[in-house]
Amino acid sequence: MNSTSSQKIGVIGGGAWGTALAEAYAFSKNQTLLYVRNPDITEEINNTHENSRYLKGIPLSPDLRASSSLHDFEFCDVLILAVPAQALRSSLNDLIPFLSKKNPPLVIAAKGIENTSGFFMSEVVQSVSSESPLAILSGPSFAHEVAAHYPTALTLGAQDPDLRLSLQKTLSNSVFRLYTSSDILGIQIGGALKNVLAIAAGVVIGANLGENARAALITRSLSEMSLLGKTLACTPETIFGLSGLGDLLLTAMSNHSRNTSFGMALGKGDNIDTILKERINVTEGVHTARSLRVLIEKFKLDLPICSAVFSILEKKASIQDTVDALLARPLKHETP
């Protein structure tokens, strides 16, 4: 992969995140192509340079092109997978027949754990396409800010050091800064858990439990991230970096977050199914909570906040009973 000249970058996923990433790469003067299933959205992006369904009011570069045909992605130098986590496997299966012999790197920009297998996103990709070079892109990033070219810093993970450096040069620009890491699994733990934990943070605010409670919850959420990371032999520093602490802070502290706003609605007493039906974008934490519960039971982990979210979503536990149960836990030393 040549990192010194303009690259042809393909982004798979025409939602808010995929469109924002494609806009960031087009801004870097790379030849950028965005795969969008909906032909109406494809036409809108190409003709009016906007994705009004997912990023209304944000102008897109005239250099960004969209396509609803995977044939057009056959000769891309890099492919970014920016689809919802539960759709990654099927999207990749659709894409595989069109991968060229140059075997381009696959950069995963999805955050979550697959419900059917319990796999993290890298494991999903490896089970479908074991020969493709693999990288992870994750960190604190709202799509509308990335698309508007606000300063953003993310973590780019890959085990191959040459691939890390090459992708870092290709995918960074003056306002989109990438830091590298070899801890692929640790990066994904932060990206997956923060969505579940942000639901809990939203519940705290929706139920009028106060900012003290939200600060305490976010701090203890970091402890739960660290415990899972330690269990899966990840690098501790990863959890305290952009893909862990950084993403948790952004997601759990802002009403712009899909997961936090979902939790706020729950905290106010709204019905789960009604909230989800009214949303265009996927609330990843709802799906990840189910998969995470399997990991908790498999490794016998004490992750009370994540478990509480699962109980509210899947067992229909009441908010008040769940809060009371958390506050009634035995007092303990803060650090293990």
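**Note on salt bridges, domains and a helix pair**

1. Eight salt bridges turn up in a search of the whole structure. The model is a predicted one, and the points below should be read with that in mind.

2. One of these pairs joins Glu 114 to Arg 89, with the closest N and O atoms 2.9 Å apart.

3. The protein chain is assigned two domains: domain 1 covers 8-182 and domain 2 covers 185-328. Taken over C-alpha atoms, the centres of domain 1 and domain 2 are separated by 25 Å. Domain 1 supplies 28 residues to the contact, and domain 2 supplies 29 residues.

4. Between them, domain 1 and domain 2 bury about 2,200 Å². Of this area, 66% is on carbon and sulfur atoms. On the domain 1 side, the residues that lose the most area to domain 2 are Lys 111, Phe 120 and Phe 142, which together account for 28% of what that side buries.

5. How many salt bridges cross the interface of domain 1 and domain 2? The rule finds one. Lys 111, already listed for the area it loses to domain 2, forms a salt bridge with Asp 247, and the closest N and O atoms of that pair are 2.7 Å apart.

6. Helix H7 (residues 184-206) packs on helix H13 (residues 284-299) at an angle of about 110°, the axes being 8 Å apart. Because angles of 65 to 115 degrees count as roughly perpendicular, H7 is roughly perpendicular to H13. H7 makes the contact through Ala 192, Leu 193, Asn 195, Val 196 and Ile 199, and H13 through Glu 284, Gly 285, Val 286, Thr 288, Ala 289 and Leu 292. Sorted by class, the contact of H7 with H13 holds seven nonpolar, three polar and one charged residues.

Technical notes
Residues are numbered from 1 along each chain as its sequence is written. This is a predicted model: local features need pLDDT of at least 70, side-chain atom pairs count only at pLDDT 80 or more; totals for chains, interfaces and linings use all residues. Side-chain values use heavy atoms; hydrogens and water are left out. Axes are lines fitted to C-alpha atoms, for helices over the stretch in contact, and angles run from 0 to 180 degrees between N-to-C directions. Helices (H or I, at least four residues) and strands (E, at least two) are DSSP runs, numbered from the N terminus. Angles under 35 degrees count as roughly parallel, over 145 as roughly antiparallel, 65 to 115 as roughly perpendicular and the rest as oblique. Contact means heavy atoms within 4.5 Å. Ala, Val, Leu, Ile, Met, Phe, Trp, Tyr, Cys and Pro count as nonpolar, Asp, Glu, Lys and Arg as charged, and the others, Gly among them, as polar. Domain bounds come from an automatic or database domain assignment. Buried area is the accessible area (1.4 Å probe) that two parts lose on being put together, summed over both. A salt bridge is a side-chain nitrogen of Lys or Arg within 4 Å of a carboxyl oxygen of Asp or Glu.
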